[in-house]
Amino acid sequence: MTGLKSLIGQQRPARILCNALINGRIPHALLFTGEDGVGKRTAAIELAGICNCADTSNAEPDPGEPEQSPAACGKCRSCRKIQGGTHPEVHIIKPSGANIRIDQVRSLYQSIALKPDEASKRFVIIADAHLMNREAGNALLKVLEEPPEATFFILTAPDTQDLLPTIVSRCRHIRFNPIPQKDLEKYLADHCALETDHAMIIASLARGSLARAIDMSSEDWISRRNFVIDRLEQLPLQSGAFRHAFAELLAADRDKLEGIFEIMKNWYRDLAVFFHSPEKVYNRDLHEQIRSALQQTCFPRILGKADAVTRAEKVLAGNANIRLALDVLVDELAE
Ligand SMILES: [Zn+2]
């Protein structure tokens, strides 16, 4: 833990939280919204850490030093427990299966019924709060209406409209925007040992999510992207056996499919965008390949293929036969 100012590309949320800490006015219920991987949960845990850190020397920064911000020491018992996920007063609730269920909220009731011990501030972090079913949401609302002493709730969700309006109105809402590309680039170069070129490509394809950027940099993602795009470009020229083999390859690893669909969608998106705004393509290193691909196709066909990918994604989100769905997709992409 190194303080709220170290959140990547989230100066505004960091500033709001720092001010709340400095003024000793942390709202009892906070709602952090934004896409996955932009730092919502990190900020929540950081806040719990600062409020519970035993080393108070950083808690109230010198007003003469505007660059300082409250920070947890990272070494005391409390900080170590929070880092290890074992602090008795920091509760993290996340979906069990597809939802956050009523029994999870009920067992939270029980664990927060007693006052926290004097040294602690209790934090309840509800990650992906939009996945609370209605019953769980209503149960939580009751707690938010009469929050127990020294207890702070932090909910995270993609957007306010995904939650019950009555819950949103009880919370101080802080929006986490997508992380600017240059901040992602710098993080990847500094922390993931990526070369400048690769950091730039991944930062532009991660669409503002640090988690996505780190995932992409931790494996040989660029080679996979190149492979998939090469296959897409060869499909219309190749035999049925080639298509079959490609569909089989895709079907072999269902866990990777989401990432591969993402690569496909970004590729067709880039082909469509390149006509008018070549500077806006995501695959910034592939200008030549995009240009030559565009000589073989036309705008309606590109849109049709992008739609086919989205359709396949939807079909596979249900319990469809994976091989069949991919055969259909690959045939559509070969046209
Ligand atoms: Zn500490």
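Guide: A patch is built from residues with over 30% relative accessible area and no salt bridge; like charges are joined within 9 Å, and nonpolar side chains (Val, Leu, Ile, Met, Phe, Trp, Tyr) within 5 Å. This is a predicted model in which local features need pLDDT of at least 70 and side-chain atom pairs count only at pLDDT 80 or more, while totals for chains, interfaces and linings use all residues. Residues are numbered from 1 along each chain as its sequence is written, and side-chain values use heavy atoms, leaving out hydrogens and water.

Visitor: Which residues gather in a patch of positive charge on the surface?

Guide: K5, R12, R15 and R172 do. Lys and Arg count as positive, Asp and Glu as negative, and His and the chain ends are not counted. Each charge is placed at NZ of Lys, CZ of Arg, CG of Asp or CD of Glu.

Visitor: Why is R15 called partly exposed?

Guide: Buried means under 20% relative accessible area, exposed means over 50%, and partly exposed lies in between (Shrake-Rupley method, 1.4 Å probe, only the protein chains shown counting as cover). R15 has 47%, so it is partly exposed. R15 belongs to helix α1, residues 11–22; a helix is a DSSP run of H or I of at least four residues, a strand a run of E of at least two, both numbered from the N terminus.

Visitor: What makes H87 count as buried?

Guide: Its relative accessible area of 10% is under 20%, so H87 is buried. H87 sits in the loop between α3 (77–83) and β2 (90–93). Leaving out residues up to four places away in sequence, H87 touches N52, S78, K81, I82 and S120, where contact means heavy atoms within 4.5 Å.

Visitor: Why does S217 count as buried?

Guide: At 15%, S217 is also under the 20% limit, so the word applies. S217 lies in helix α9 and touches L188, C192, L194 and I202, again not counting residues up to four places away in sequence. I202 is one of the buried residues of helix α8 (residues 196–205). The cover over the buried residues of α8 includes α7 (181–191), α9 (210–218), α10 (221–234) and α12 (254–274).

Visitor: How do you know that E313 forms a salt bridge with K265?

Guide: A salt bridge needs a side-chain nitrogen of Lys or Arg within 4 Å of a carboxyl oxygen of Asp or Glu. For E313 and K265 the closest N and O atoms are 3.0 Å apart, so the pair qualifies. This pair links distant parts of the chain, with E313 in helix α14 (residues 299–317) and K265 in helix α12, 48 residues apart. E313 is partly exposed at 23%, as is K265 at 27%.

Visitor: What is the distance between the closest N and O atoms of E332 and R311?

Guide: They are 2.8 Å apart, so this is a salt bridge too. It joins distant parts of the chain: E332 is in helix α15 (residues 322–333) and R311 in helix α14, 21 residues apart.

Visitor: How many salt bridges does the structure hold?

Guide: It holds 16. E248, R323 and D327 are linked in a network of salt bridges.
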